[in-house]
Amino acid sequence: MASFRFHVALVAAKLSKTVIRLLGRNGTHTPGVIAQKLCPDFLAQAPKAPLAICVTGTNGKTTVSNLLTDCLEKSGKSVVSNRTGSNIVPGCMTNVINSLNWTGKCRVDATVFEVDERASRLILPYVNPDYLVVTGLFRDSLKRNAHPDYIFSVIDTYCPDSAKVILNADELCSSMLKKNSQRVFYGIGAQPDDKTEPYNLIADYQLCPECGTKLKYNYLRYHHIGDVVCPNCGLHSADKKYLATEINRENMTLTMREGDTETVYPLIHTALFNIYNEVTVISALREIGYQQEQVQELIAQIHVPDSRHNETTVNGVTVIQALSKGQSAVSSSRTFEYVANEEGRKAVILAMDDLSDRKKSIEYSGWIYDLEFEQFNRDDVVQVICSGPRCYDHKVRCLIAGIPEEKIQVNTSEVAAADMVTLDGVDRVYILYDCENYGMSCEMKQKIIKRLEEGK
Amino acid sequence: MKIEVLYPEICTLFGDKGNMKYLSQCLPDAEFVSTELNDKPLFLQEEVALVYMCSMSEKSQELILSRLMQYKDEIAPMLKEGRTLFLFVGNALELLGSYIQREDGSKVEGLGLFDFYSVRQAPNRFNNLMKAKFKDMTLIGYSSRFSHTYGISEDISFCKTEIGKGMNPDTNDEGIYTGKLIATYLLGPLLIQNPDFVHFLLAELGWPMDKIPYEDAMREAYAYKLKEFAKPELELS
């Protein structure tokens with residue numbers, strides 16, 4: 001039974017949310033902070049929704065949790081998620097507050113939590129999810145996350161054993177999580193473009209975690225994503241309960257195999273990283289208990305969130321905002337590859353510098369040497385504009401990648417950099433922005449659209 | 001000229017690969033050899049001009065020590081001979097000490113080439129912007145780690161920090177510089193961020209250059225960053 005303190009904290013948090021909303025803001029963080037201050041074990045005391053799902057991992061957790069929430073809602077469930085708030089403790093607490101009525105009773109069918117992987121130690125034990133969905137573990141900010149081995153140990157230690165864990169079998173590190181829990185695996189089977197040797201700048205987990213022998217890839221997709229076997233001790237990728245067997249980008253379909261059954265789902269995006277996100281969502285929905293036919297219908301109704309990727313065409317030039325997470329070389333390299341391989345002549349503006357570091361600190365720029373700037377060393381990428389305080393570091397990186405100096409421009413202001421794009425003869429302009437720079441990227445996009453509309 | 005990169009599968013964690021990519025453009029005729037975990041290091045078998053090892057996870061530190069311990073008696077004289085230049089960045093330097101203490105108090109035996117020791121303290125991450133003097137140059141960079149190192153005498157320290165801390169929070173002495181060994185907690189693109197240090201390194205390798213590739217752009221980036229170190233109330237972590 002919840003304590004008096006819990007109820008006081010809940011009411012105070014809800015009141016603060018009402019006030020914040022009256023002031024025109026969302027109130028996705030502060031109510032959680034207030035609840036935590038008044039009742040430090042608020043999360044532990046809060047009643048759970050009938051279905052609680054946590055989604056974590058280095059890349060894809062926002063997209064997966066948003067898509068999952070969309071599907072659950074479209075299936076008729078009442079759901080709260082922290083989709084507009086933070087994914088650390090206050091954001092998750094606010095999510096719980098939103099799931100409760102004023103008397104502290106749960107008022108929704110389901111809660112979906114996007115959980116920051118490092119903060120998971122402060123969230124998972126208290127949310128006590130029915131399902132933990134993990135998209136994969138990669139290098140991320142060295143300041144916050146150190147390295148994947150460390151994040152693995154955090155999740156493995158703090159996720160309750162009772163949670164059913166839904167894991168990406170194609171990502172070796174996270175697929176070894178929670179060995180004593182109930183686990184199911186998903187993945188994408190061999191595809192025509194697969195490789196068998198690492199080819200990216202970085203590929204963690206090339207060595208067998210059991211014996212240190214170099215792993216053999218049955219297929220390798222990118223970085224260390226693929227299906228492996230150790231030639232020495234026999235360790236191998238987990239068997240996939242949910243396996244994507246065919247990706248048809250022309251017909252926009254995705255075929256998934258479960259046991260002897262094959263089901264064709266709508267493909268919601270052509271980029272491989274988003275196909276992984278979709279496979280993750282389908283697997284989670286199936287585990288929760290939705291039938292294939294229901295999942296087909298739900299997937300047909302969802303799309304990748306606009307804040308991740310959107311495009312507008314004016315006078316034949318398409319301006320695209322695409323998320324390219326700062327300090328996350330794997331995720332951004334995949335975005336770079338996707339952009340580079342799009343058709344037409346492209347101009348690219350890089351706006352990935354950290355918003356808070358620029359104020360009082362100096363952002364660590366070493367991660368850009370894990371990021372594949374080489375993707376932009378091609379004829380149809382006609383301009384690379386490095387913007388933000390780290391623009392000079394990015395320029396050096398471009399030069400080392402072989403991009404001709406005459407194609408590179410720099411500006412310490414992202415918004416001012418939007419005026420540097422040469423629009424003549426360009427088919428597509430990409431603004432590659434860090435999550436925190438979304439507002440700034442919208443301003444950049446508007447400036448470019450205005451220039452296009454005015455014919456400048 | 002041969003340049004050996006030790007264990008790149010697990011030892012290029014924080015953008016450290018950039019240094020060798022850049023060096024290969026400075027020295028297009030040099031042969032860069034990558035040594036895998038289960039192989040004997042090349043520098044113990046033939047003449048190598050530069051040995052480079054960089055950041056790794058704590059688990060990888062222990063894996064590498066388990067492979068290198070068998071060679072420790074061969075490595076010691078190599079460091080003394082001074083024919084090969086060793087550049088160890090990030091927590092690679094911890095392997096050279098007596099031991100690394102884990103969070104639970106247990107110890108991992110190091111190569112014992114020096115008397116120092118390192119102490120891990122995860123989950124506390126120590127992030128540290130650094131501006132430091134090495135010879136007549138000002139180095140800028142960053143360290144990020146779960147551990148501190150103690151017991152390195154001042155006379156063999158690599159550089160002295162002017163901003164940021166050294167091997168542990170109580171010292172401004174950073175790294176090791178003795179003979180032809182340079183070991184530093186500075187990580188990532190140490191060379192690219194410090195064009196003067198590239199000149200120094202190339203001279204040490206016997207290949208001094210009047211102008212290094214992209215020097216103007218590198219100096220522009222260096223100068224801009226150096227100015228940022230003057231920010232009021234600069235946050236170092």
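In which loop of chain A is A:Cys233 found? A:Cys233 is found in the loop between strand S8 (225–229) and strand S9 (242–248) of chain A. Helices (H or I, at least four residues) and strands (E, at least two) are DSSP runs, numbered from the N terminus.

Before I continue, a word on conventions. This is a predicted model, in which local features need pLDDT of at least 70, side-chain atom pairs count only at pLDDT 80 or more, and totals for chains, interfaces and linings use all residues. Residues are numbered from 1 along each chain as its sequence is written, chains are lettered from A and ligands numbered from 1 in the order in which they are written, and side-chain values use heavy atoms, with hydrogens and water left out.

To return to A:Cys233: why does this residue count as partly exposed? It does so because its relative accessibility is 39%; buried means under 20% relative accessible area, exposed over 50%, and partly exposed in between, with a 1.4 Å probe and protein chains only. Not counting residues up to four places away in sequence, A:Cys233 touches A:Cys208, A:Glu210 and A:Cys211, where contact means heavy atoms within 4.5 Å. The C-alpha atoms of A:Cys233 and A:Thr213 are separated by 8.4 Å, and these residues are 20 apart along the chain.

A:Glu363 is buried but has no salt bridge, a term for a side-chain nitrogen of Lys or Arg within 4 Å of a carboxyl oxygen of Asp or Glu. The nearest side chain of opposite charge is that of A:Arg390, 6.0 Å away; Lys and Arg count as positive and Asp and Glu as negative, while His and the chain ends are not counted.

Let us now consider the two chains together. The contact takes 39 residues from chain A and 46 residues from chain B. In chain A, A:Lys360, A:Ile362 and A:Ile400 lose the most area to chain B, together 18% of what that side buries. Buried area is the accessible area (1.4 Å probe) that two parts lose on being put together, summed over both. Between chain A and chain B this area is about 3,700 Å², of which carbon and sulfur atoms give 59%. The count of salt bridges between chain A and chain B is five. A:Glu374 forms a salt bridge with B:Lys21, with the closest N and O atoms 3.2 Å apart.

Finally, some backbone details. A cis peptide bond, with omega about 15°, joins B:Ala122 and B:Pro123. B:Tyr7 is not a glycine, yet has a positive phi of about 50°. B:Tyr7 counts as buried because its relative accessibility is 0%.
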